[in-house]
Amino acid sequence: MEFIETVLVKNGKIQNLNYHLKRMEKTLKHFFNSEKLKIKSEKLNFNDLDNARVRITYSYDGIRNIEVFPIKKRNFRKFKIVEIGFNYPFKYKNRKAFSILHSTFSIDFDEYYFSKKLSYNRYHHFKSRFFYGK
């Protein structure tokens, strides 16, 4: 079983590194009863990157793959919050459930956000972030 963690790299440094490592360790503990992520330091050397999105694929035996993508500015005009009928607490590499969902959507929206159940307060938090830049 493989998992992904997507991080932002600015000026050669992973942003919010401790947050990402904790989430990865939580995943490893849940599935493999291990909190230690086996990392070779050269795999996480991003000194040559200025601004990039990096997707790390990992499993019980450590980091399996690293992909680097340029940051693309996207303009969101219309988004839709979709309530999903399944639990997704971990970032699995296999995202088939999301691909199936996406194939059923209309193309009228720029982005979709998935939520098990979205409270009134969380809806307005999303709305304020996208429409007012907060």
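Q: Which residues is asparagine 51 in contact with, leaving aside its neighbours within four places in sequence?
A: Asparagine 51 is in contact with Val9, Lys10 and Ile71 when those neighbours are set aside, contact meaning heavy atoms within 4.5 Å. This is a predicted model, in which local features need pLDDT of at least 70 and side-chain atom pairs count only at pLDDT 80 or more, while totals for chains, interfaces and linings use all residues. Residues are numbered from 1 along each chain as its sequence is written, and side-chain values use heavy atoms, with hydrogens and water left out.

Q: Why is asparagine 51 called partly exposed?
A: Its relative accessibility is 43%, and partly exposed is the class between buried (under 20% relative accessible area) and exposed (over 50%), with a 1.4 Å probe and protein chains only; asparagine 51 therefore counts as partly exposed.

Q: What makes the largest nonpolar core a core, and which residues have the most contacts inside it?
A: A nonpolar core is a set of buried Ala, Val, Leu, Ile, Met, Phe, Trp, Tyr and Cys residues joined through side-chain atoms within 4.5 Å. The largest such set has 13 residues, and Val7, Val9, Val54, Ile56 and Tyr58 have the most contacts inside it.

Q: How many cavities of 30 Å³ or more are there by this rule?
A: The count is 1, a cavity being a set of points on a 1 Å grid over the protein atoms alone where a 1.4 Å probe fits but cannot get out. The largest cavity holds about 50 Å³, a volume being the space filled by probe spheres set on points joined across faces, edges and corners.

Technical notes:
On a 1 Å grid over the protein atoms alone, a cavity is a set of points where a 1.4 Å probe fits but cannot get out, and a pocket is an open set with protein on both sides within 12 Å along at least five of seven lines; lining residues have an atom within 4 Å of a point.
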